[in-house]
Amino acid sequence: MSLSGRLLIIGLGNPDRGDDGVGALVIQELGGWHPPGVQLITRSGDPLALLDDWASFNAVICIDAAATEARPGRIHRIDPAIEPLPQPPLPTSSHALGLADTIELARVLGRAPPHLIVYAIEGHCFDSGAPVTPAVAAAATQVALLITTQEWPALARMPPTNG
Amino acid sequence: MSTETRNIRVDYLARVEGEGALDLHIRDGRVSSAQLRIFEPPRLFEALLRGRSHAEIPDIVARICGICPVAYQMSAVHAIEHAFGIHVAGPLRELRRLLYCGEWIESHALHVTMLHAPDFLGFDDVVQMARAHGDRVRGAIALKKAGNHLIQVLGGREIHPVSVKVGGFHRVPRRSELLPLAEELKRAQEQAIELLRWVSGFEFPDYQRDYEFVALRHPDEYPFNEGRLVSSGDIDIDIADFDREFEERHVAHSTALQARLRRRGAYLVGPLARYALNFDRLSPELQSLARDAGLGPVCRNPFQSIVVRAVELVYACTEALRIIDAYVEPEHAAVDVAPRAGVGYGCTEAPRGICWHRYQFDQDGSVVEARIVPPTSQNQPSIEADLAAVADAIIDAPDEVIRHRCEQSIRNYDPCISCATHFLNLTIHRP
């Protein structure tokens, strides 16, 4: 199966918690972009569900907010096969694994997609009901543009793989 | 024996839900105090409910917890129906039990394998454990998924289900929708039995405590939604009489109220209590599986709660299969509801223990007053007593060893601090 037919883009986070909504915002920005074989989804629940979401895809792009609050809107492009995702300084929940643990668990269990890229966008405000910070919203537009003009063409140029 | 004073502090306990910390003070070779400090800000759900319509309650209280929303919904709808004089029976009652099976399966599968098992095998977390026990983790993910599917089909979505309403459901499933779940649940049941055999082989710290167990007890069933409140002491009361035997207190080190027995203090809710008070409500096959796993009819070692949770996983899969097999589509998705002024009580068995609700309604069915007592707030005094005793037993060990054992002890409870206030720091003080 060719990669050009199988790209899943996942916007992660809770749109009702300020900058945590940046993943969903990128998906919204990509809303009018429909190349065949590309699927857009948002997820705000149990990250373990990602193992099923991406099971039939060869390429996956996840967009999530990073809670460093250092430089709102700064974009990090991470290939977990090359460098692990940074772990949050404090564990966040017992009811669900975080994205970094979920990706690492998927890799250990052989359930990670062959090509996986994570865009982490630094957020500033994660208050309930808060709007997305302007710098973070601008970063969402930029990540959407990077996906359509760089990630997708690069994936489309890659040789077909069996998946 | 050491005569020094040590203070051991665990800042942010991993693999428990919510924000909290543990302070252990050790003086003259004994634990002088163990405090579970909960500093998650109060979430004020009870105040939020005042003035709302009874019809809004199930969807609001579901938001208290991401892993046990069904418990909050079920306790709420039972309390509302009690106030309005409604009784839900037949297939609608069975569907509520089925929804609860889904919640127990996903919650227990997550806790037993992903959160608690690494403690017994010397791994820092499930990712490390998966490198050595990949098949176990795959099995747990499949088990959890079976629970998620039940919630999705019955509740409309996997997290914070939306189909529950006062009097029944907004929509009930067709029999043809439930039958495919049975195949997945049969595999889940086998995986749960395998999981039970696996965890029963773990090494457990030699520790027992004479808990006063508190759980629901039903004449015929292992309890989910209904029953009298009973204890291993002398309590056997209607859920409406909760305040006669139990009280909630504010303590300075916790933003969550702590519940106590008025006459005897700390008590225990959750799997160990449910199991001890309802062993005879398990089928002979399940009793036999429990005995093969090394359990008697009563288990007082909190570290073996992982085994009891695995028994309950098998139970939930088995019960779900029974309900699906016997399912007859109800004629109506809900019974009629006529609001009236009054007070109603609901108490159901969340995966972590009893979740008690009381609502007072105006004549139009709007909430005048709401009270919610979640399981973790009830277990706080018991957790603190366990921590003191567990740390006392290894008092001369290095702080790191005590810290690990204390974290493991807290995870015995699968606490949901978010629910109770609603993570945990452990500090050991020994100057």
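A: In β12(B), Y359(B) is the bridge partner of G344(B). This is a predicted model, in which local features need pLDDT of at least 70 and side-chain atom pairs count only at pLDDT 80 or more, whereas totals for chains, interfaces and linings use all residues. Residues are numbered from 1 along each chain as its sequence is written, while chains are lettered from A and ligands numbered from 1 in the order in which they are written. Strands are DSSP runs of E with at least two residues, helices are runs of H or I with at least four, and both are numbered from the N terminus.

β11(B) and β12(B), the latter covering residues 353-361, run antiparallel and are joined by nine bridges; two strands count as paired if DSSP finds at least two bridges between them. Strands of a sheet pair through backbone hydrogen bonds, either parallel or antiparallel. The open sheet here has three strands in the order β11-β12-β13 (chain B), with antiparallel pairing. Because β11 (342-350) and β13 (367-373) of chain B each have a single partner strand, they stand at the edges, and one side of each is left without a neighbour in the sheet. With direction ignored, neighbouring strands of this sheet are turned by 15° against each other on average. Helix α12 of chain B, residues 375-393, packs on the sheet and touches β11, β12 and β13 of chain B, its direction making about 130° with that of β12(B). Such angles run from 0 to 180 degrees between N-to-C directions, the axes being lines fitted to C-alpha atoms, for helices over the stretch in contact, and contact between two residues requires C-beta atoms, placed from the backbone, that lie within 7 Å.

Chain B also holds an open sheet of three strands in the order β6-β7-β8, again with antiparallel pairing. Its edge strands are β6 and β8 of chain B, each of which pairs on one side only. Helix α9 of chain B (residues 271-278) packs on this sheet, touching β6 and β7 of chain B, and its direction makes about 50° with that of β6(B). Four bridges link β6(B), residues 214-217, to β7(B), residues 228-231, and there A215(B) stands opposite V230(B). β7(B) also pairs with β8(B), residues 236-237, over two bridges, where V230(B) stands opposite D236(B). Four residues lie between β7(B) and β8(B), which form a hairpin.

Turning to chain A, all eight residues of strand β3 (residues 59-66) are buried, a residue being buried if 20 or more other C-beta atoms lie within 10 Å of its own, exposed if 12 or fewer do, and partly exposed in between. A59(A), I61(A), I63(A) and A65(A) point one way from β3(A), whereas V60(A), C62(A), D64(A) and A66(A) point the other way. β3(A) pairs in the parallel sense with β1(A), residues 7-12, over five bridges, and L7(A) has A59(A) as its bridge partner. The parallel pairing of β3(A) with β5(A), residues 115-122, spans eight bridges, one place being D64(A) opposite A120(A).

H115(A) belongs to β5 of chain A and counts as buried because 21 other C-beta atoms lie within 10 Å. Leaving aside neighbours within four places in sequence, H115(A) is in contact with N58(A), A59(A) and L155(A). Although H115(A) and V60(A) are 55 residues apart along the chain, their C-alpha atoms are separated by 6.2 Å.
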